Every structure is written in C-alpha cells, then in structure tokens.
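User: I am new to this structure and would like to learn how to read its features one at a time. Could you take me through them slowly, with the general idea before each case?

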Amino acid sequence: MTPRFGPKPPLLIGGSLAVADLAFRAAAPGPAVFSLGIALASASEGFAWTPFNSMTEQAVPEQYQKRVLSVVSTGTTFGIILAGLLAMAIASAGLSWRTAWWAFAALAPIALILPALLLSKQDSLSMEAG
C-alpha cells in the first residue's frame with residue numbers, strides 16, 4: 001500500500017486501528033471482543049511499520065537510518081512502560097481496569113495525529129523542492 005499510495009494512508013489506517021483496538025478493549029463485555037481488540041492491534045502494527053520505515057529512508061541520512069528505526073521501535077517499549085505506570089496509578093486509586101483502557105484510547109489519537117502532521121510537513125517540503 002505504501003509504494004502505491006504513499007505512507008500517509010496506511011499510517012492513518014494503522015493509527016485508526018490502534019485507537020479502535022483500545023476502545024474495543026475498554027468496552028469489551030467479554031473475552032471475544034477483547035480478543036478482537038488484540039487482533040486490531042496486530043493489524044495496526046502491520047499497517048504502520050512500512051510507512052515509518054519509508055519515512056526514515058526518505059528523511060534520514062543513510063548512516064543514521066538503523067539508529068532512527070531502532071528508536072522508532074523502542075518507542076513502543078516506552079509506551080508500554082508508561083501505560084503500565086498509568087494502569088498502576090489508576091488501580092491504586094481504586095478505579096476499574098476499564099478506566100486505564102479508556103485513558104489509553106483517549107491518548108492514542110496523539111500517536112495518530114503527530115506522524116500524520118509530520119507527513120503533511122514532509123509532503124509540503126517535497127512540493128516546495130520539486
């Protein structure tokens with residue numbers, strides 16, 4: 001999809017699936033819907049990785065590309081750590097586990113909007129250069 005339509009559509013689809021995943025898990029009445037959320041998360045990763053890889057190839061000098069891709073993938077690790085800390089804070093406040101998932105769903109659009117803005121900026125720079 002990325003070579004044909006550019007990085008923005010798959011990135012937006014992947015980010016939207018991630019937001020839906022978190023909302024599905026927060027609202028899940030049982031394991032089937034919760035599992036559907038997990039499946040959406042898997043699809044989200046598949047849509048998002050290639051655009052990030054392509055953006056790195058286009059915007060980063062070759063000698064730094066591996067390092068940048070490492071940082072991008074490590075961002076997931078830091079996100080999981082922050083999510084765990086947020087979940088612990090919510091649980092220690094005596095709130096439902098669903099509150100943590102709704103908080104994640106509320107914050108997830110940031111991870112969708114920021115890369116889309118970066119791509120828009122990159123598109124406008126490409127148009128100016130061309």
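Analyst: Let us start with accessibility: a residue is buried under 20% relative accessible area, exposed over 50%, and partly exposed in between, using a 1.4 Å probe and protein chains only. Phe34, at 23% relative accessibility, therefore counts as partly exposed, and Trp97, at 45%, counts as partly exposed too. This is a predicted model, in which local features need pLDDT of at least 70 and side-chain atom pairs count only at pLDDT 80 or more, while totals for chains, interfaces and linings use all residues. Residues are numbered from 1 along each chain as its sequence is written, and side-chain values use heavy atoms, with hydrogens and water left out.

User: What share of the 130 residues in the protein is buried, and how many helices and strands are there?

Analyst: Buried residues make up 28% of the 130 residues. Helices (H or I, at least four residues) and strands (E, at least two) are DSSP runs numbered from the N terminus, and the protein has five helices and zero strands, so that its elements are read from the N terminus on as α-α-α-α-α. Along the principal axes, the C-alpha atoms fill a box of roughly 55 × 25 × 20 Å.

User: How should I read two packed helices, and at what angle do the axes of helix 2 and helix 3 cross?

Analyst: Two packed helices are described by the angle between their axes and the distance between the axes. The axes are lines fitted to C-alpha atoms, for helices over the stretch in contact, and the angles run from 0 to 180 degrees between N-to-C directions. Here the axes of helix 2 and helix 3 come within 7 Å and cross at roughly 160°, which makes helix 2 roughly antiparallel to helix 3 (under 35 degrees is roughly parallel, over 145 roughly antiparallel, 65 to 115 roughly perpendicular and the rest oblique).

User: Which residues form a salt bridge, and how far apart are their closest N and O atoms?

Analyst: A salt bridge is a side-chain nitrogen of Lys or Arg within 4 Å of a carboxyl oxygen of Asp or Glu. A search of the whole structure finds one: Asp21 pairs with Arg25, with the closest N and O atoms 2.6 Å apart. The two are four residues apart in helix 2 (residues 8-27), and are therefore separated by about one helical turn; Asp21 and Arg25 are both buried.

User: How are aromatic rings compared, and how many aromatic pairs does the count come to?

Analyst: A pair of aromatic rings is described by the distance of the centres and the angle of the planes. Rings of Phe, Tyr and Trp (its six-membered ring) pair if their centres lie within 6.5 Å, and planes under 30 degrees apart count as stacked, over 60 as edge-to-face and the rest as tilted. The count comes to three aromatic pairs. One of them is Phe34 with Trp97, edge-to-face at 6.3 Å centre to centre and 75° between the planes; because Phe34 lies in helix 3 (residues 31-59) and Trp97 in helix 5 (residues 97-129), this pair ties together parts that are 63 residues apart in sequence. The rings of Trp101 and Phe104 have centres 5.4 Å apart and planes at 85°, so this pair is also edge-to-face. Trp101 and Phe104 are both buried, and Phe34, Trp97, Trp101 and Phe104 form one aromatic cluster.
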